[in-house]
Every structure is written in structure tokens, then in C-alpha cells.
Amino acid sequence: MNVVAPFEGIGASLRRKEDFRFLRGRGAYTDDFNRQGQLHAWILRSPHAHARLTSVDTAAAAKMPGVVAVFTGADMAKDNIGGLPCGWQIHNKDGSPMAEPAHPVLAADKVRHVGDPIAVAIAATREQARDAAEAIAVSYDVLPAVANTLDAVKPGAPAVHDGVGGNLCYDWHIGDKAVLDAAFAQAAKIVSLDMVNNRLIPNAMEPRAALGEFDPTTGDYTLHTTSQNPHVIRLLMGANVLHIPESKLRVVAPDVGGGFGSKIYHYAEEAIVTWSAGKLGRPVKWTADRSESFMSDAHGRDHVSNAQLALDANGKILGLKVHTYANMGAYLSTFAPCVPTYLYATLLAGTYTTPVIYCEVKAVFTNTVPVDAYRGAGRPEATFLLERLMDVAAQETGIDRVELRRRNFIQPDQFPYQTPVALQYDSGNYQATLDQALVTADWAGFESRRAEAAKRGKLRGIGISTYLEACGIAPSAVVGSLGARAGLYEVGTIRVHPTGSVTVLTGAHSHGQGHETTFAQLVADKLGVPTAQVDIVHGDTAKVPFGMGTYGSRSLAVGGSAMMKAMDKIIAKGKRIAAHLMEASVDDIEFDRGTFRVAGTDKTKALVDISVAAYVPHNYPIDEIEPGLEETAFYDPKNFTYPGGCHIAEVEICPETGKVSMVNFTAVDDVGRVINPMIVEGQVQGGIAQGIGQALLETCVYDADGQLLSGSMMDYTMPRADDLAPVSVATHTTLCTHNPLGVKGCGEVGAIGSPPAVINAVVDALRDYGVRSLDMPATPAKMWQIINGGRRMAAE
Amino acid sequence: MYDFAYHKPGSVADAVKLLADPDAKAISGGHTLLPALKHRLNKPSALVDLSGIAELRGIKRVGNAIVIGALTRHVEVANSAEVAAAIPALAYMASLIGDVQVRNRGTLGGSVANNDPAADYPAAVLGLGATVHTSSRKIAADDFFQGMFTTAMEAGEILTAVEFPIVDKAGYAKMRNPASRYVMAGVFVSKSGGAVRVAVNGAGPCVFRQAAMEAALAANWSPDAVAGIKQSAADLNSDIHGSAEYRAHLVGVMAKRAVAAAG
Ligand SMILES: Cc1cc2nc3c(=O)[nH]c(=O)nc-3n(C[C@H](O)[C@H](O)[C@H](O)COP(=O)(O)OP(=O)(O)OC[C@H]3O[C@@H](n4cnc5c(N)ncnc54)[C@H](O)[C@@H]3O)c2cc1C
């Protein structure tokens, strides 16, 4: 009988099973797979932001050493290859659909951003392919380009796509403007703030890679790719781009070294290697170098907004009005349209009882890399806007910033709480997370720390953010009604083997989240099988029935729930078998962590007795119950989940250099039930590192002509260990009320809650300098300009 | 990278012969050259690997100077007891270059020969008034650094060592570029008897001496002496990380800190 030590179940900080291979360099990433006869692809990319291709001559390239083929968009057109599809359709205010221009795999007649793929050279080695790509003669008729979001909507701006007037992808809104105007008319105070949410470049540690294979005997295609959702890639690429039936297309996402959203989407290179492998009858591999990642991985954020908050005389919020321009880049990436709409505007109530909200969003095309979801996706933008606005409102009403938040919090007894922007929160306790964070961060003792820092010549500030997010995306019917072209359920299969070990097939995909450990803990907790005997299989369409993948902090809330549902089916079947073996009635069988018992007796059977009987059915009611012990469940969530919490940042600014140093960071998050506290802490810390990165360091810079100035680590500031602060992570739990585990999700909270806390701290440190609005990142040069602005102007 | 021939000579004389080919390039630690090759920014016909030349290695005290061979890695200078005793600011400067991997590979010769405006070594060489030894001559620091990535060395000339005079006091302070962590603005100061040198790196297209600060420090060696001196922003670098004005301001701050560090 398997006896499970209780520390392996829910709540145990089990060390990560997967680290055994990762720490020894034995992970198997896409680029680690090499096949006999494999060829290498190099993609020729546009050096221009906008140009008409007058000719693409591959003759010389095709004759280079080692070259097997050079393909262009024209070659793909001959094979009827479709464009890259967009998975979400937004409708304009007037009900008409968004502009959805073609997104060719290889450029047809125009290139629209630096890095836009034009042709592919395929050769025996990667260097030969690159040599050949350089030998392709392209004549460009360079066109005027536009990179900046607001410039793109100015009259006379260069048109990124013919037929898309004003570069407008959509003009969308949510909320009742008339009700809002009425609320504003009652306001004692209206606070208005302009904000930019800086554009980010994801930079997963593993660059994207793809390996396409074709078996001419069977006609089967296989794609290994760096993806967060292999089934979605199979669906999109098979059905929309290459027209390969799913039965003939296997997509494998093996170990993946970080995604942060950037590996959700279906990218051109996946289609290129799969199609070329078919044409050439040989495996074709492509692996991005870091420079390519900068100009071909979908970027994140990039909003320009004005927000107005109406308050009554007591600081109660009466209404919120937001106008946002969202940069889509040159083409619509897979989920791009939903990010600045349903993942953004629906979050604008935050933790507050704002009775009416109106938000309009104009999505615009520019000559830049496509923008899509990046860790938090829409929710960091909403949170930054709201939490900055709250601080400015506190300043301008004279109400303490903590007190202003308290006055507007949704109260613990108000759940379920219906916001004016579609979402219904199921649970939360924002007062509790706030109180706990204030104590941990010693908010009350801050002024003495500020005074001590001042003696050292430093400007010290403290900032707070009481955020909320919606994740665990999402009920299929809801997202369908909002424009998703897919359902967002998840699939889980539990296979109990004859001798009692378990294989779990999950449609979620782990690329750093530790699923192989957390999911095994669910099985240990529920079925009583030691985690060492639980194997989690994911990322292979040939093994897992189906799956929507991992993003939006959904793996545990949705994928874990599917597994729970499948385990319920295992237990139900197991009870029937146990009833037979113990000659009892099914209704009298109880199950607890691996043991079936006839209620009120000491008659028991272990799970392994049941599984052996199920697979070796010598003594088995074969007429009544099918042999085997394997169950599959699809779980479609009833609602989003709503993690929330409080982040407090403390910073010091050196007035001489302008450098902002993080000195302390406190997070108290409500992520629902915690399965593995160590993994949750790691996820939250990682998210906070990215949030601090956005607030202080990272920004994607294009010049006016659409050249990417921050095109490498030399100019794009990734956070390093010494840029971060000691981070204290704690959780305060209210359970999700609608999924079987009570879990909410922890993957994105760090990146969502932290940026406004950091910027509020910076603004607080600069309280003597009259700073009202401050765009991220708070770089040394920007800080110095603020601190020395007056002096510098006087000197000139 | 593009294809190239590879040579590993055993002596400076052999290396000079191989470098007679104008398209051949010397390689030492490779931490500047290899990234450039990988990005295909450079297409040498041959790489002449200097790492097998024993005479280019080592740190020794010669009279009132520390002579450091061109192949000496940053980590060796940072950890050298000899350097720490004689010119602690030089060891300190080396300990701040890049990160551990960079210091374990990058060499004095490669850094000085490359003369990257944002590199650390040029400030120490100019700030200490060192003498650069090459395969054919000795060049004073004041004549050596001529412009962005440009030095007095001619094609095929090999930097063999740098002779750093032992001074009374020296100090170095820098502000790093937040992204690359190369130098955004740095100042290396030294004092030897009445002679004061102030070398500025990072801020301009090439390391340069700050005459007004030198005069002020000669009169009064103290951080306050440089505080009032304004560095002109004209001709300084300006990029997405900071304007020329910001860099000019940083020169004043770093000068103050460098003098304070020198004591
Ligand atoms: C990630 C990273 C961070 C870095 N950060 C810093 C930093 O903060 N500060 C800093 O100063 N540097 C920094 N560097 C650069 C590093 O210090 C280099 O190692 C150094 O600048 C060049 O030395 P090398 O031996 O690697 O030269 P190589 O790359 O081998 O050569 C550089 C150039 O010098 C020529 N050359 C080499 N040796 C000689 C010689 N003996 N005679 C004549 N010509 C020669 C080569 O032909 C080539 O043109 C960084 C490098 C990296 C990769």
C-alpha cells in the first residue's frame, strides 16, 4: 500500500521535480533536437520599417555553397499558403468588425516593420543559410513610416495598410457614457492624468526555435516549437495557414525556456519550417538569435491614455473615464485585439466600488513589431492607470493615499460583486491584504527612514498599489461572446496504471511554472499516490487529447480543475470496482487519499488493488464496468478568478546621478488556495522583477523612421539581480468560490501589482519637486532631469 | 560569423608577420571582437590569436612603475597584490569591468587597443599618464588615444604592455550605462607630486583630459575643488540613455567621487 507522507500534498513546499533535469543541463529544448539530414533556415528580414518590394532576386543566393532552397512569399503563394490568422475579433462602437489586414507569412509586396520576414534561405548549415540570405538581392522602394502611437492617428500619417483609414484597427468602447457624464456632473473633484504605458520586449531566456519534419511515407508532419500552447498552434497553422489535417500534423512544445506570453502566438517561422520540410522532404530547423528575438517576438504594452476620476466631497469615487490609444504594431498578432479591450477595460474597477466606468480604446497600426499579451496582458496597464490615478487623487483631495483606497474598497461582505465593466468578482478581502502589507513594510515607520536617508543625501519614497486582476481565462461562452474565436476550457487525463503509478496528460504547458511538481501534488493529495510515481505529460499533441495551453495564469485554475474533475471520475469508477471486490454497496464506499473503505468497517482496498483489478480483470464485473482506469475531463470555468492584493515599494534616489535604487518590496497577494508555497513565492518574485523592470529599466525605443534603437541588451535594460530589492512575498487567502481547488492563479500578480507601487514610491521620493505625472521607466537620466530641471534651465 | 583563417603564433615577431595582411586581425580575449564577428560586423581574412605568446603575459614592478603585459586579463589585475599595493585605484578599476565572465576573458591589450569610448582602461591609462608599449615603439598616453575606436597604433602593430607610473594618489569613479553596464561617464584622477591628471571616459567620443579640473585640483586637492567646475556638454555623447548635458553633469559628480576615493 502506498502511504503518502502528508507533506507532498496541497500546501507542501515540495522541491521542483523538473529541476532535477534542468539543473543538470538535461532539459530538452527545441534547439536540442537534431535529425538526420536536417537543414537550417535563415530568415531574411526587412531592414526598413516600411518599403515596397520592387524585386526579390534569389538566383545568386540559390547557387551559394550548401544551399538547398530559397523561398519567397511568391513561392508560398503558389502553394496557396494562407496568412497568419488572428484569434480574436473586436467590434467597433458602431458594430462593424475591426480592420483585419492580411498578415503574410513571408512578405508579399510590402514590408511593414524592421524584422518583417521577406525570404528564407535553407542550407546544410546555419552559417551557409545566413550567407545565402545575405546574397538575396532585394530592391526596396522605401516608404515613409510611423512608429509612434499618437503620430499614427494624426491626419496625413503614413498608411501602414492600404484601406485602413487613419491606421485605425478599431474604435471600441465599454460602459454607458450618458450615465458617466451624469456622475461627473455631480463630482466635487475631477482628477485627470495623462499616462504612457511603456512598450516592452519580452526576452524569454530561450529564443524562439522551430523544427519542421515531414515523413513522405505516411504524409505526417511534425513541428517542434517553443510554444506555450501546441494544440492551438496545430489548429491555427494546420487549418488556416498550411491546410494540413490535424490527424497529419503533430506539434510538440518540449521544454520551453520562458514565455511570458511571447510564445503563445502562431509565428511565421513555424509555418515556414513545416512547409519547407514538406517541400524538401528533409527536416528544417530555425533558431532565432537574440537580435532576431528583439525584432520578431511580439512586444508588450504600449498604451497612451488619459484617465479622469470623479470623486465626491468625501473621496468616494463617482465615476471613471478612460481614453486609450493602443499600439498593435504592423499586424494583428494572435490575441492582440483582446489585450487592450477585454483584458484591460474590464479591469478598471480594480478593488474599488466605482459605480460607473466608461472606457474607449482606439487600436492603431504602426510600422513596428506586432504587440500582444505579455505577462499580465492588459491588466498591468489597467492597474498602473488606476493606482497612479488614486495617488494623484489623494494628493489633490488632501486625503491620505491609504485612507482614500480604504474608503473606496469593495467590502468583504459585498462578494459576489458585480462591477460596471462586465466582471463579477467572486471573492476577495482587500482590507486584509492591505493591513498585512502595511505592517510587513512598516509603513508607519517610514518617515524616520526618510529622515535617515535624507541625512545620507538620498531621497527616499514609499509607494503602494492595491490591485486586482482577472485570470484563469476563461469561460468559453463568455469569451466567445466577446469575440474569441476559440473556447478556453482545459483538458486533463488521469491514467492510473495497473500497479498504481499515475500519468497525467494535461493541456496546460509548463515553461517555468513548475507544473510537473504542482500538478503531481494534486494527485498526491487526492489519490494518495506519491509524487515520485506521478508523471505529468504536456506539450505534445500526439499524447495529450487537446489543450488550450498556458497563459493568463490559467494552468492550475483551469487545467488543475480539469485534472480534479478527471480524478473524481477515477474515484467514482474505483468505488464501483471496490464495491464489487469488497462485496458492498457502491453507496457505502468512501475514498480518502488512496484508500477505499466500506463505511463504518475496517474493510479497505488500496488504489493499487483497484487498478490491478481494472487492468487484470479476473475477478471483475466485466459486464457492468469497462476494464481500465483512465479518465479524461474537460473543464470549462464558470468565471474568471480574481487574485488581488497589496504591493508596497520603497526606493531611494541619488539626487546627484538620478539613479533609483529599490530598497524594499513587500507583496501580500491573495492567489486563492496555495498548492506549493515555494513555487508561488518564486512566481510572484519573478513577476515583481519584471514589474520593477518595467517601472525602472525597460523600454522599447523606435526612432521616428521606425528603426529599433533598443535592439539588443546593450540598449534594452533587462533587470539584473542587483537592480532588485529584498522582496517579501506573503499570501492571504480567500478561496475562489467556483473551481474545485479554490485557486486563483499567481503567474501574473507580480507584474501587475508592482509597477504602480514602484512609480508611486518614486513620485513620493520626489515630493519636493512637484512631480505629478511620471512615465516609465524612471531612468537615472529622467530622474536627474526632474531633480535638476530648474537649475539646468537657469544655466543655459 | 564569416569564415576566416586561424593562426596562433608563439612570438610577437611571428604575430607581426601574420598581421602584415591588412585584412587579418589580432584576437586576445575575444570579448569585443567575437560579438562583432557573430553579428557579422567584421569580416577578417584571418584571426591572429595572441594567447600563445608568453612574453605578453604578466605583471611586474619595474623601477617606479608597474608594467602589465597586454594579455593580462582584467581579473588578474583586479586580484594582483602587486598592483593593489602600488596603484590600488588601478586594481579597483579592473575589478569593475563588465562581469565575472568578462573579467576572466578580457585583456588589458584588447581593451586599450580597441579604445572603446565607454571602456574603463583608457581612463586609467590616460589618468595615470601611462606609456603604451607596442611591437615597434613606446607611445605616451597623451598621444595614444586619438578618437572613437582610434589610437596612434598603425595597422599590424601589436600592443605588448602598458607601463603605469606609481603615483601618490589615484581614484576612479564611474556611472554605468543601465543597459550595457559599460561606462556612461567615468573619471580617473591621479596626483604625483604637483602633477595632477583627470581623465574622463564614457562621456565623450574618446577618453579626454579635463584641464580645468586638473588646475583646480593642483591648487587644492579636494572633492570640493572640482565641485564648482562645469564640464561643457558640447561634443559629449547623447543617446537614449542620457543627453550630453546629463553626461556633462555626471563628469562633475564622478570627478568629486574619484578625488574622494583617492583620499
Ligand atoms: C558583456 C560584456 C560586457 C563588457 N563590459 C565592459 C565594461 O564594463 N568595461 C570595459 O572596459 N569593457 C567591457 N567589456 C569589454 C571587455 O573588457 C573586452 O574584453 C575588452 O574591451 C577587449 O579585450 P579583449 O582581450 O577581449 O579583446 P579582443 O576582443 O580580443 O580584441 C579587441 C580588439 O583589439 C584588438 N587587439 C586585441 N589585442 C590586441 C593587441 N595586443 N594589440 C593590438 N590589438 C589588439 C583586436 O584586433 C580587436 O580589434 C565588456 C565585454 C562584454 C562582452
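Predicted model: local features only at pLDDT ≥ 70, side-chain atom pairs only at ≥ 80, totals over all residues.
Residues are numbered from 1 along each chain as its sequence is written, and chains are lettered from A in the order in which they are written. Local features need pLDDT of at least 70 and side-chain atom pairs count only at pLDDT 80 or more, whereas totals for chains, interfaces and linings use all residues; side-chain values use heavy atoms, with hydrogens and water left out.

In the interface, 23 residues of chain B are in contact with 25 residues of chain A (contact meaning heavy atoms within 4.5 Å). The two chains bury about 2100 Å² between them, 51% of it on carbon and sulfur atoms, where buried area is the accessible area (1.4 Å probe) that two parts lose on being put together, summed over both. On the side of chain B, Arg40(B), Arg181(B) and Ile240(B) lose the most area to chain A, together 27% of what that side buries.

Across this interface the rule finds 7 salt bridges (a side-chain nitrogen of Lys or Arg within 4 Å of a carboxyl oxygen of Asp or Glu), and the side chains of Arg181(B) and Asp723(A) meet in a salt bridge at 3.2 Å, N to O. Helix α12 of chain B (residues 244–262) contributes the largest share of the side that touches chain A, 8 residues, helices being DSSP runs of H or I with at least four residues and strands runs of E with at least two.

Within chain A, Gln308(A) lies in strand β13 (residues 303–311), and its contacts beyond four places in sequence include Phe184(A), Ile190(A) and Leu389(A).
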